Amino acid sequence: MAPWVHLYVHTDNTVWSCCVSKQLTQPNIDYKKTDILKYSESDIINNEYFKKLRLDMLNGVKNKNCSDCYLLEKTTGHSARKEFNREFKEYHFDKVIETHEDGSIDNFETVYLDFRFSNKCNFKCRSCNPKYSTTWAKESKADKNHPYFDYSDTIDMIKGKEVFSKEDFLNRFRDTLKTVKIIDFAGGEPLAQKEHYWILEHLIDIGRTDVFLKYSTNLSMLKSKKLKLNVVKYWKKLTNIMLLVSLDGSGERAEYIRSGTDWKLIEENFKYVKENLPHIDLGIQSVFQMCNALHLPDFYQNWIDDGIINMRTLHNINLIPLTGPEWLSSQTLAKELKIEVEVKWEKFIEKNHLPPGTHQRVLNCLEYMNSEDGYIGKWKKLFESSTSYLDKIRNENFNDVFPELRDYYEC
């Protein structure tokens, strides 16, 4: 359903089919002509790439830009593609029926807007890269030996972007914001980006305070000193918000996996939102990977025992198997570690009677972990070399932070 109802705007303003897809790769597509700030939604959504994508989907052809979803469906039976179909087919399938023979559609309306205004971010998470973080970009540009030094096209993404005034930006999306039902804010870090606040202010001004706003945020910036803005003031006026806080562990593990984290601050901010903004649907988004597969059940359990997580929060735990970079995925765990991971999660599930959706997401991650042995071969070696390099330049130590893993990896 995504190519019929949805716009995913990447950190460089170009439109992709969704956040899970690969970058547009058709040779006859001028990538720059998918810039949402320069071209209309109807022009972009009916270019050759999107027309072919829709026709492929209608004819049961697996388009290569959707390979990650097909991989997850093969290993776990679940994917973002299936979630889109579940959510939108009932009320919007008429758009599919009306598709023309060439794959084009008329009167495209953005029902779901997934907007990543830039790669501006104050963190440099191990599972991320310069395309999604200016902090990563700054680090990788400083050393030609850096694993991401060749991301030259994304290093100066912010500086290279055409500057739009608030008025010009809102004029561009004025019609979209009149009808959109869901806006997904991610990044980079959305709370660090001025365009995010422009949209919130505009929705309040036009009385659309009930639009469903979904966030993926590190929650480190309830107050932005640089922008001199306090997001809480806006959230108090908006009625339909889900915050998925990106947390891959607690304490020093959180600070290592998501470099830039001040664990005490994040915990305080999470408690503040829970206690002072009860209308917000608060949840946790965790990337299930080799470094935290053993630790996440302990983190969740500690917060359950401390009363920070309740049943409402448990419904909103979005556990995602990391598929890339492959050397960081849970598949790179040694076989005996995978067995230990399964035992820990089984005990956690049994103790807490997880909601069906959350339970299924845990099972999906375990199935993905066991679907391939990445411990033998190049993935393990890539993990060791990349981790050793980043530890050195960041003055961090994998072995100290993850003693349960140090006997298996030479870092």
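Tutor: Two strands pair if DSSP finds at least two bridges between them. Helices (H or I, at least four residues) and strands (E, at least two) are DSSP runs, numbered from the N terminus. The model is predicted: local features need pLDDT of at least 70, side-chain atom pairs pLDDT 80 or more, while totals for chains, interfaces and linings use all residues. Residues count from 1 along each chain as its sequence is written, and side-chain values use heavy atoms, without hydrogens and water.

Student: Which strands stand at the edges of the sheet?

Tutor: The sheet is open, with mixed pairing and the order β2-β1-β3-β5-β6-β9-β11-β12. Each edge strand has a single partner, so one of its sides is left without a neighbour in the sheet. These are β2 (15-16) and β12 (317-321).

Student: Which residue in β6 stands opposite aspartate 184?

Tutor: Strands β5 (residues 182-185) and β6 (residues 212-217) pair in the parallel sense over four bridges. Opposite aspartate 184 stands lysine 214.

Student: Is leucine 200 buried or exposed, and what is its relative accessible area?

Tutor: Leucine 200 sits in helix α10 (residues 194-205). Setting aside residues up to four places away in sequence, its contacts (heavy atoms within 4.5 Å) include Phe185, Leu213 and Trp235. Buried means under 20% relative accessible area, exposed over 50%, partly exposed in between (1.4 Å probe, protein chains only). Leucine 200 is buried, at 0%.

Student: How far apart in space are leucine 200 and tryptophan 235?

Tutor: In sequence, 35 residues separate them. C-alpha to C-alpha, leucine 200 and tryptophan 235 are apart by 8.5 Å.
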